[in-house]
Amino acid sequence: MESWLKPLVDIVGGVLSGYPLVVALLGAGLYFTARFGGIQIRALWHSACLLRTSGTTSGISPFQAFATGLASRVGTGNIAGVAVALTIGGPGAIFWMWTTALLGMASAFVESTLAQIFKVPHPDNTFRGGPAYYIQMGLGSRKFGIIFALALLFTFGFALNSVQSHSIAEALEASFGWERTWIGIALVLMTAPIVYGGVRRVARFAQWIVPVMAIAYVGLAVYICIVNIEQIPGMISMILRHAFGLEPAAGGIAGYAVSQAVLMGVKRGLFSNEAGMGSAPNAAAVATTRHPVQQGLMQMLGVFFDTMVVCSATAFMILLSGEFMPGAAPEGAVLTQRALAAHVGNWAVVFTGITVFFLAYSSVLGNYAYAEVNMDYLTQRPWILNIFRALVLLAVMLGAVASLPLVWSLADVGTALMAFINLVAIGMLMKYALIAWRDYQAQRKAGVAEPVFTHDVLPPEMRERLSKDVWRAERSDER
């Protein structure tokens, strides 16, 4: 069946996730940047400061929700995907990756703020929300909410988790010679207690694994940049020259080289940080916070960290290594391993294997958290949720031992479908986020240290669409 189904899926995925999706996501980012007055620049420092003030609560803290979203964003694509973008798109792809992230931060703010505004209480004393919820509540369309939820369940619950476990097994087999079957069994045993503990346990685990993972990888990149600091200006200049076609291209086709740099940079940025795709809002909604904008700003910061910090770390280590060869065959994690080995020695092969494990494993947990939120949207029957959890574990096991070309292709279609539905929704519901942002700014200008959002900030016809158990004035101190 795969022999005829995969080419068909590739065609559909190529259309949906190619230039149409790139134009839609960049266009949305530009629009939201203009409407919110360059919020990603104006509020970047404040969003970083929020990390220090978002401690524990009776539910899931804003930082735990931030870490859960970051766990899914930061995955093997930050190591292997950036290497592929460089080998296909050239150094110029990095500039367009940065551009995409800066624009996508505005989209991430809007979708995550909406997820908070339209969240609903959950029996486990947390919240649920995300695109499926704000599509139904804000736009009155249960049908499109279900379509989005089903697309996310397949893509993040099964397809991408299979891909992540495949990456783990591949890296550990290459680094340590371990058999994939045993790696798969170990992954299932490690994942089961956390996913059966629900979103709350995922959030608590992500709270510590993501910082550890990030500090180790980015710390090594900082060390490499310091050691090679005299090469940094030349590297930045090379990135800019290639981005705008000012560098002679292989074969002399400068226009084609620039188009490849733009396409690969944009796609690497978009599919790494997920801004506008409707995935991270599922994590943003579960937090207990006093104002929706707080979580919107923190998820916006997640986009910055994923692309501007982690993806850039990979790119810099490769470009400073001398291992990068323009026009060479596309390479993924192998190129990153060679680059690290050139900088610090052969122990980098083991380090890369361990790093891939932490990046991919945290993504498995973050992806599951997204999927559980959407399973709750479809049904809250415990026995169905437990069956779904078992199927997720099966996908993790199969991913470790099987070839996944069809799964990758189906995942492309699923993420593209999610993105198109979500972009339309957040464009139509942007006015809610705009009112919340202006309310947040007004309170801060008035000297309020921790702004509080209540439903009466909205006009009567808008506040009626919110859950009756959230954002009520008399319960504002619990939000």
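In helix H2, the buried residues are Leu 21, Val 22, Leu 25, Ala 28, Gly 29, Phe 32 and Thr 33. Viewed down the axis of H2, these buried residues lie within an arc of 140 degrees, so they line one face of the helix. The structure is a predicted model.

**Helix H2**

- Helix H2 covers residues 19-35, and its 17 residues should span 24 Å at 1.5 Å a residue; the end C-alpha atoms are 24 Å apart, which agrees.
- Val 23, Leu 30 and Ala 34 are exposed, and they sit on the face of H2 turned away from its buried side.
- Gly 37 follows H2 and has a positive phi, near 65 degrees.

**Helix H10**

- Helix H10 (residues 180-195) contains 16 residues; the distance from its first C-alpha to its last is 22 Å, close to the 22 Å expected at 1.5 Å a residue.
- Its buried residues are Ile 183, Gly 184, Leu 187, Val 188, Thr 191, Ala 192, Ile 194 and Val 195.
- Trp 182 and Leu 189 are exposed on the face of H10 that is turned away from the buried side.

**Helix H12**

- Helix H12 (residues 232-243) has twelve residues and extends 17 Å from first C-alpha to last, close to the 16 Å expected at 1.5 Å a residue.
- Met 235, Ile 239 and Ala 243 are buried in H12.
- The arc they cover around the axis is only 70 degrees, which puts them on the same side of H12.
- Met 235, which belongs to helix H12, has a relative accessibility of 3% and counts as buried, the cut-off being under 20%.
- Met 235 and Phe 316 are 81 residues apart along the chain, and their C-alpha atoms are separated by 8.1 Å.

**Helix packing around H17**

- Two packed helices are described by the angle between their axes and the distance between the axes.
- Helix H9 (residues 142-176) and helix H17 (residues 347-378) have axes that come within 8 Å and cross at roughly 160 degrees.
- H9 and H17 are therefore roughly antiparallel to each other, since angles over 145 degrees count as such.
- The contact of H9 with H17 includes 26 nonpolar, ten polar and one charged residues.
- The crossing of H9 and H17 is left-handed.
- H17 also packs with helix H18 (residues 382-401), at an angle of about 150 degrees and with the axes 11 Å apart.
- That angle makes H17 roughly antiparallel to H18.
- The crossing of H17 and H18 is right-handed.

**A buried loop residue**

- Ile 79 lies in the loop between helix H5 (62-73) and helix H6 (80-89).
- The relative accessible area of Ile 79 is 1%, and the residue is buried.
- Thr 314 is 235 residues from Ile 79 along the chain, and the C-alpha atoms of the two residues are separated by 6.0 Å.

How values were computed
Residues are numbered from 1 along each chain as its sequence is written. This is a predicted model: local features need pLDDT of at least 70, side-chain atom pairs count only at pLDDT 80 or more; totals for chains, interfaces and linings use all residues. Side-chain values use heavy atoms; hydrogens and water are left out. Axes are lines fitted to C-alpha atoms, for helices over the stretch in contact, and angles run from 0 to 180 degrees between N-to-C directions. Helices (H or I, at least four residues) and strands (E, at least two) are DSSP runs, numbered from the N terminus. Angles under 35 degrees count as roughly parallel, over 145 as roughly antiparallel, 65 to 115 as roughly perpendicular and the rest as oblique. A crossing is left-handed if the near helix is turned anticlockwise from the far one by less than a right angle, and right-handed if clockwise. Ala, Val, Leu, Ile, Met, Phe, Trp, Tyr, Cys and Pro count as nonpolar, Asp, Glu, Lys and Arg as charged, and the others, Gly among them, as polar. The expected span of a helix is 1.5 Å times one less than its number of residues. Buried means under 20% relative accessible area, exposed over 50%, partly exposed in between (1.4 Å probe, protein chains only). The arc is that of the directions from the helix axis to the C-beta atoms.
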